[in-house]
Amino acid sequence: MKRDDSVPVRSLSPVELEIFEREGLLTDFQLYSAEQAGSIRAALQDVLSLPSTAPCYQKFPPEERIMFDRHLDRRLVYELCTLPQVLRPITQILGEDVMVFRSQFFEKPPAGLEIPWHQESYFWGVERGWVTMWLAVDD
């Protein structure tokens with residue numbers, strides 16, 4: 001992914017940090033320019049057209065190796081997860097020692113089921129020390 005300096009890397013304000021502490025959610029971050037969106041979407045469609053080549057997923061059938069942890073075998077996914085626009089706010093919340101634990105793709109068709117807002121900690125059984133990011137790559 002080509003570096004895009006047109007999108008500023010911003011720091012969270014004290015008010016945003018307080019909102020995150022209270023509500024566990026922040027929204028409206030721009031990670032890349034509108035000009036890059038189409039090529040990123042096309043590249044991600046390419047990623048999802050083939051099963052993962054990550055060694056830890058080879059025991060799974062190909063259809064189960066499409067959606068999970070593609071940051072392990074596809075550079076684009078890793079780069080999206082580690083954009084400075086992503087990492088700066090996360091390190092403000094968690095500190096400098098962070099890592100990408102999971103990546104997962106969800107297809108949400110226009111007429112599909114709605115998934116209400118929720119805290120990921122419920123599903124993982126972890127209260128503190130991690131942050132999830134939801135990135136829409138389509139309308």
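Predicted model: local features only at pLDDT ≥ 70, side-chain atom pairs only at ≥ 80, totals over all residues.

Mentor: A charge sits over a ring if NZ of Lys or CZ of Arg is within 6 Å of the ring centre and within 35 degrees of the ring normal. Residues are numbered from 1 along each chain as its sequence is written, and side-chain values use heavy atoms, with hydrogens and water left out.

Trainee: Which residue lies over the face of Phe 29?

Mentor: Arg 10 does, at 4.2 Å from the ring centre.

Trainee: Why is the pair of Tyr 57 and Phe 60 called tilted?

Mentor: Rings of Phe, Tyr and Trp (its six-membered ring) pair if their centres lie within 6.5 Å, and planes under 30 degrees apart count as stacked, over 60 as edge-to-face and the rest as tilted. Here the centres are 5.6 Å apart and the planes at 40 degrees, so the pair is tilted; a search of the whole structure finds one aromatic pair.

Trainee: What makes Tyr 57 buried or exposed?

Mentor: Buried means under 20% relative accessible area, exposed over 50% and partly exposed in between, with a 1.4 Å probe and protein chains only. Tyr 57 has 10%, so Tyr 57 is buried, whereas Phe 60, at 31%, counts as partly exposed.

Trainee: How does Thr 53 count, at 59% relative accessibility?

Mentor: Thr 53 counts as exposed because its relative accessibility is 59%, and Thr 53 is in contact (heavy atoms within 4.5 Å) with Gln 58 and Asp 73, leaving aside neighbours within four places in sequence.
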